[in-house]
Amino acid sequence: MLKLLTCWFTNKNIIVNIDQRLVPSIIRNNGQLTPQSFNPSNVHNITINLRKLITAAATIQTRRTNPTRFNKLLDKSDLLDFIKECDDFCIIKHHDTDKQIGISEDLGVGLSVIVTDHYYKIDWTTLGKISRHRRSQPDIACMLLSNESITIEAKGSTSIGWRNCQRNYASHQKHGPTPTQVSVASCALLKESSISDVDYLDPPLLPPEDPRYEKALLKADHYARIFNLIGQEELSKYFNYMRQRVLYDRDFEQFEKKQELYEKIKSQSVKIQVGQQLFLGNIEKHDEDSLIFIGIDDRLLNVYNFINFEAHEENFLKHNGDDFYLSSDGLCIGFLGSLRSVEGQIQYAQIPHYFDSFSIVDFDYSRESTLIGFLSHVITNSGGTVQQESSFEREYDLLVVLNNRKFAIEVKRYISRRNLEITLGLLAHLQRMTPFQLVLITNTRVSEELSKLIRERNIILIDRSALCKIIDNNKTILDYLH
């Protein structure tokens, strides 16, 4: 009991070997430290308090769940019997090897918390042990005073050889199944005749020799490409960042942008629970009667879950009366008849039409039916109606009514001087076929000379510059169709 009381006022020196990769996160969370606080070797002699050491070890490694009045602060106080009476943190080895392993583990846990508090400033009210529902999880989780989360994998040994093995174990165990802003591994080497030291590490996310390394890079490239293919720009960018994360851990220029994008996707996405899994995505109007949801399995956003994500069988199922296709790589495409699946998250008026994101680049590369669909959307948005789309019986692309006037619209790409006469001949044929005002829409930037030839044929021309304005603001088409 006397040792327990006096330890409140007893401090010891210990050496900490700081991994350079931890320095940015330490400075971010500890306003008292700057880059100049770390010497080139990053070897530091710090002071630790024994009372905090015992409290930390007892909190994480508690031996009992049925407290008694006698217990008070005695749990783990026997560890003090194995700490030498000197200024440096030195231990007294137990003659029983099995018991020494337990003592080393307890002291390793306590030292990991004390070192973390020294550098990161932990919120002691949140200090707790992670329940091990599966193998290879960190030991400790808590919040920092800066409100960032941290997980710690703690090891302790009296053997330098075994400590080297523990470093490798810790590199795999420090990453848990839930996202955390800081992850560290702490490996203490407990010495009898000299000052003990702690390797305070941030090992690579995935060492190149790990069999998952190459697979993770291929997966990141796959998702960046697939989201680029379906027009999900932010998700495509996110998985390009994910590839950098696998290659360089946190040590790359866009790491903070990746974290910001992660938070944005998590907080602003529409969420749909399908079966046992949550999908994050967005909803767009396809037509007046149906909505399309495109989402991603939320486990793919967290780097640790992403690395361990395995493809599964694709599936079609109904949920709340809606149809969902779940791809083997974690994508979800839903055809919704109502907002029941996302009730309370979004109002119908807030849902964009999928043509609202149409760009001039899309006009350049989309197939003809998509272009006709987009122009129909523009006319409808501008207060007009589409009376006829192109068919085998009709030679023009669109017949529309706008401001009580009828227009026959023909879409031609890449008009040049060489093919202009052919185009004008086709348009002259269309003029004879219909009494409506003829409109030529092209993604070519037509010269003034060619524009004049077209206007002389009583044809309204909407070329690339006008088309860009219409794409930006659909109602601009009224300026041309008057």
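Start by selecting helix 11, where Leu371, Ile372, Phe374, Leu375, Ser376, His377, Val378 and Ile379 are buried (buried means under 20% relative accessible area with a 1.4 Å probe, protein chains only). Helices are DSSP runs of H or I with at least four residues, strands are E runs of at least two, and both are numbered from the N terminus.

This is a predicted model, in which local features need pLDDT of at least 70 and side-chain atom pairs count only at pLDDT 80 or more, while totals for chains, interfaces and linings use all residues. Residues are numbered from 1 along each chain as its sequence is written, and side-chain values use heavy atoms, with hydrogens and water left out.

Stay on helix 11, residues 368–381. Its 14 residues reach 20 Å from first C-alpha to last, close to the 20 Å expected at 1.5 Å a residue; the expected span is 1.5 Å times one less than the number of residues. Then select glycine 383, which follows helix 11 and has a positive phi, near 95°.

Next, select strand 5, residues 149–157. Here 9 of the 9 residues are buried, so strand 5 is largely enclosed by the rest of the structure. In a regular strand the side chains alternate between the two faces of the sheet. Colour Ser149, Thr151, Glu153, Lys155 and Ser157, which point one way from strand 5, and then Ile150, Ile152, Ala154 and Gly156, which point the other way.

Two strands pair if DSSP finds at least two bridges between them.

- Strand 4 (residues 140–143) pairs with strand 5 in the antiparallel sense over 4 bridges. Isoleucine 140 stands opposite isoleucine 152. The two strands form a hairpin with 5 residues between them, and asparagine 147 in the turn has a positive phi of about 75°.
- Strand 6 (residues 182–189) pairs with strand 5 in the parallel sense over 8 bridges. Glycine 156 stands opposite alanine 188 in strand 6.

Now select helix 3 (residues 50–60) and helix 4 (residues 97–120). They pack at an angle of about 115°, with their axes 8 Å apart; axes are lines fitted to C-alpha atoms over the stretch in contact, and angles run from 0 to 180 degrees between N-to-C directions.

Finally, show the whole chain, which has 15 helices and 18 strands. Buried residues make up 48% of its 482 residues.

Note on methods. Buried < 20%, exposed > 50% of the residue type's maximum accessible area, 1.4 Å probe, protein only.
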